[in-house]
Amino acid sequence: MMKWETVIGLEVHAQLNTRSKIFSGASTAFGAAPNTQACAVDIALPGVLPVLNREAVAKAIRFGLAIVGRINRRSIFARKNYFYPDLPKGYQISQYEMPIVQGGTIGIFVDGKEKTIRLTRAHLEEDAGKSLHEDFRGMSGIDLNRAGTPLLEIVSEPDMRSAAEAVAYAKALHALVRWIDICDGNMQEGSFRCDANVSVRPAGSDRLGTRCEIKNLNSFRFLERAIEYEAKRQIVVLEEGGTIVQETRLYDSDKDETRSMRTKEEAHDYRYFPDPDLLPLVVNPDMLERIRSEMPELPEQKRNRYLGYGLTANEADGLTQSREMAEFYEGLVQALGGGYKLAASWLLGEFTAALNRAGIDVSESPVGSERAAGLLRRVADNTISRRSAGEVFDAMWNGKMEADAIIENRGLKQISDSGELERICDEIIGANPKQVADYRAGKEKAFNSLVGQVMKATRGKANPQQVNEILRRRLAQ
């Protein structure tokens with residue numbers, strides 16, 4: 001059986017989080033009643049003229065700076081002509097030959113290996129409306145609220161070789177657009193959606209195969225499954241002697257398959273030409289430098305700084321998955337006056353688990369960084385054990401009491417008095433001669449049994465480190 005290689009490129013549409021549309025003053029707020037936020041410009045009534053949204057341009061430039069792409073000082077808007085019921089103009093205003101951003105890269109990690117994905121371009125365009133099929137019997141409804149919403153279309157080179165790499169890239173891109181605050185990333189609302197160009201070729205070949213484009217994938221899970229299905233479908237067709245037709249396909253999540261939608265159009269089919277109502281977009285040096293000066297510290301920069309704190313690569317990656325998590329971590333470290341490792345371990349452990357159970361984001365946590373610092377101080381100074389810290393945290397999560405008050409009320413302070421712990425350890429050693437003999441014979445499990453009995457005798461309040469030290473010292477005599 002011939003070995004095949006999958007080749008994948010992604011086109012991602014990120015909805016820019018401006019308050020008004022790209023060429024009109026109509027609102028971009030999600031959830032309004034159908035057709036209540038489509039103004040005369042959005043539906044191209046005779047005599048109207050588009051006016052470019054400056055903030056949409058600024059957000060596109062932010063993205064270009066973040067990926068270290070080239071910001072074109074002069075770019076052109078064109079008309080992309082095609083007919084679809086939810087495209088009221090009969091054309092879409094987009095950028096074609098001269099986009100605002102060209103080039104750039106995004107790094108991904110897959111199976112512990114780093115890979116760089118090249119970007120071809122990122123260009124500004126307007127969104128179309130939305131066709132509604134599920135609410136009508138025998139017909140479709142058209143909602144033009146989304147028409148004119150600003151999009152940044154981000155096009156990658158065909159550098160990905162597996163569905164896992166494509167998902168890693170999409171997640172990295174999703175995190176980045178949220179990090180630099182140009183897109184809310186809400187995939188359920190269509191703010192971030194992917195088109196995947198998939199082809200296969202014999203392993204070792206440097207020629208690209210015929211590609212099929214899978215449209216409007218609005219979850220990472222669907223992206224992965226659609227690519228895997230499509231690659232297998234193309235391999236079967238080729239191994240049976242068939243040929244791949246370049247086409248646009250849709251992914252059916254219920255059947256877990258892709259199906260043909262239409263023959264893939266080429267650029268000439270859209271009859272691009274410069275929009276006569278819009279002058280070329282010129283980015284002046286002052287605007288570019290102002291935006292550059294307002295850029296936040298980027299994930300890779302933070303990651304490298306966290307590695308300098310002594311964190312592991314996994315810890316640094318986990319803390320930079322979102323800007324909110326990184327900001328919470330830094331607030332916690334500042335409140336603690338250090339404790340980099342303790343704060344990272346707790347955030348990526350108990351704290352993240354609590355967020356996942358509640359199904360909420362870091363910004364919605366009922367325990368802020370200042371309150372969390374109060375808890376971790378008591379772990380750091382051995383007032384409570386890590387096990388008791390979990391009980392205290394649960395109480396803080398579900399109430400308004402602070403860590404110190406919960407520890408006092410529940411009697412959770414560790415027993416750290418050396419004399420008392422030595423007395424208890426001596427009692428346990430005297431009552432368990434077999435475990436003592438087993439330990440001295442080299443059986444480490446016997447020691448763990450003795451530690452467990454000391455912890456049971458103290459109802460979990462003994463300092464585990466002290467218990468280990470005392471037992472080993474006593475047993476060595």
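In what order do the strands of the open sheet of 3 strands stand? The order is 5-4-16, and the pairing is antiparallel. Keep in mind as you look around that this is a predicted model.

Strand 4, which covers residues 78-81, pairs with strand 5 in the antiparallel sense over 4 bridges. In general, the strands of a sheet pair through backbone hydrogen bonds, either parallel or antiparallel.

From here, follow the chain to some aromatic rings. The structure holds 14 aromatic pairs. In one of them, Tyr-96 and Tyr-272 are stacked, with 4.0 Å from centre to centre and 5 degrees between the planes. Tyr-96 lies in the loop between strand 5 and strand 6 (101-102), while Tyr-272 lies in the loop between strand 15 and strand 16, so the pair ties together parts that are 176 residues apart in sequence. Tyr-272 also pairs with Tyr-270: the ring centres are 6.0 Å apart and the planes are at 65 degrees, so this pair is edge-to-face. Are these tyrosines buried or exposed? Tyr-96 counts as partly exposed because its relative accessibility is 31%, and Tyr-272 is partly exposed too, at 24%. Tyr-270 is buried, with a relative accessible area of 13%. Elsewhere, Arg-472 lies over the face of Phe-447, at 3.8 Å from the ring centre.

Now turn to the interior. In soluble globular proteins, nonpolar side chains tend to be buried together. Here the largest nonpolar core has 102 residues, and those with the most contacts inside it include Leu-10, Ile-61, Tyr-169 and Phe-351. Helix 2 (residues 163-179) gives the most to this core, with 10 residues. A second, separate core has 18 residues, among them Leu-421, Ile-429, Val-454 and Ile-470. Among the residues it touches are Met-325, Val-362, Ser-365 and Val-367. Ring pairs also link Phe-351 with Phe-328, Trp-346, Phe-393 and Trp-397 into a cluster.

Next comes an acidic residue, Asp-195, which you will find in strand 12 (residues 192-202). Asp-195 counts as buried because its relative accessibility is 1%. What does the side chain of Asp-195 reach at 2.8 Å? It reaches the backbone nitrogen of Asn-216, and it also makes a polar contact with the side chain of Lys-215, at 3.1 Å. Asp-195 touches residues from other parts of the sequence as well, including Gly-9, Leu-10, Glu-11 and His-13.

The last stop is a hairpin. Strand 14 (residues 247-252) and strand 15 (residues 257-263) pair in the antiparallel sense over 6 bridges. Thr-248 stands opposite Arg-262 in strand 15. Between the two strands there are 4 residues, and in this hairpin Asp-256 takes a positive phi near 55 degrees.

Methods
Residues are numbered from 1 along each chain as its sequence is written. This is a predicted model: local features need pLDDT of at least 70, side-chain atom pairs count only at pLDDT 80 or more; totals for chains, interfaces and linings use all residues. Side-chain values use heavy atoms; hydrogens and water are left out. Two strands pair if DSSP finds at least two bridges between them. Buried means under 20% relative accessible area, exposed over 50%, partly exposed in between (1.4 Å probe, protein chains only). Contact means heavy atoms within 4.5 Å. A polar contact is a pair of N or O atoms within 3.5 Å; within protein, one must be able to donate a hydrogen and the other to accept it, and residues adjacent in sequence count only if both atoms are side-chain atoms. A nonpolar core is a set of buried Ala, Val, Leu, Ile, Met, Phe, Trp, Tyr and Cys residues joined through side-chain atoms within 4.5 Å. Rings of Phe, Tyr and Trp (its six-membered ring) pair if their centres lie within 6.5 Å; planes under 30 degrees apart count as stacked, over 60 as edge-to-face and the rest as tilted. A charge sits over a ring if NZ of Lys or CZ of Arg is within 6 Å of the ring centre and within 35 degrees of the ring normal. Lists of a residue's contacts leave out its neighbours within four places in sequence.
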